[in-house]
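Colleague: Could we go through the charged side-chain pairs in this one? I have the sequence and the structure open.

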Amino acid sequence: MTTILLATGNKAKQAKLRWLIDGLGFDIVTPRELGLNFDPPEHGETHAEVAAAKALAWADHSGQLVIASDGGAFIPALGQDWNSIFTKRAAGSDADDHDRADHLLALMAGKSGAEREISWIEGVGLARPGEALGSWEASGAIGRLVESYDPTKIK
């Protein structure tokens with residue numbers, strides 16, 4: 001059976017990647033199971049490009065077949081003031097989930113109705129050492145960003 005590394009230490013992302021490849025006959029491993037602690041630089045202009053670059057960096061580092069992902073919030077009303085590639089880092093590198101939520105709501109102040117439309121874009125990349133094998137990108141359903149939130153519900 002072919003082994004594939006889920007290229008993230010984030011348990012929620014690991015669960016999503018497992019779901020994606022479930023039933024394909026892979027022996028799935030995590031960085032922790034291999035004793036790996038690696039944080040590759042993220043670069044690319046689309047989530048598919050970022051995911052492919054992350055997969056290749058992890059593959060070269062681990063010597064394994066790798067699947068990686070990258071996602072972000074797409075918010076058309078913010079135009080040049082928002083880039084989905086930097087969703088997690090938009091409020092700063094030391095921001096926590098509360099800081100990120102507050103930052104986004106501040107950017108959306110004064111917007112209503114269709115201006116509050118938001119969707120998620122997710123990219124997935126597959127690589128083996130020395131070779132990116134492919135990458136894909138998909139957008140989720142369009143929703144509406146709330147105007148406020150309950151901070152106790154953010155974990």
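**Salt bridges**

Modeller: Let me start with E117, which is partly exposed, its relative accessible area being 28%; please keep in mind that this is a predicted model.

Colleague: Which side chain does E117 meet in a salt bridge?

Modeller: E117 meets the side chain of R144, with 3.9 Å from N to O. The two come from distant parts of the chain, since R144 sits in strand 6 (residues 143–144) and E117 in strand 4 (residues 117–128), 27 residues apart.

Colleague: And R144, buried or exposed?

Modeller: R144 has a relative accessible area of 52%, so it counts as exposed, the cut-off for that class being over 50%.

Colleague: Switching topic, how many salt bridges are there?

Modeller: The count comes to 6 salt bridges, and one of them joins K54 and E42, whose side chains have N and O at 3.6 Å. This pair also links distant parts of the chain, with K54 in helix 2 (residues 47–62) and E42 in the loop between strand 2 (27–29) and helix 2, 12 residues apart.

Colleague: Why does K54 count as buried?

Modeller: Because its relative accessibility is 7%, and buried means under 20%; E42, at 35%, counts as partly exposed.

Colleague: Which residues are linked with those two in a network?

Modeller: The network of salt bridges links E42, K54, D70 and R89.

Colleague: And where do R100 and D97 lie?

Modeller: Both are in helix 3 (residues 97–107), 3 residues apart, which is about one turn of the helix.

Terms used: Residues are numbered from 1 along each chain as its sequence is written. This is a predicted model: local features need pLDDT of at least 70, side-chain atom pairs count only at pLDDT 80 or more; totals for chains, interfaces and linings use all residues. Side-chain values use heavy atoms; hydrogens and water are left out. A salt bridge is a side-chain nitrogen of Lys or Arg within 4 Å of a carboxyl oxygen of Asp or Glu. Helices (H or I, at least four residues) and strands (E, at least two) are DSSP runs, numbered from the N terminus. Buried means under 20% relative accessible area, exposed over 50%, partly exposed in between (1.4 Å probe, protein chains only).
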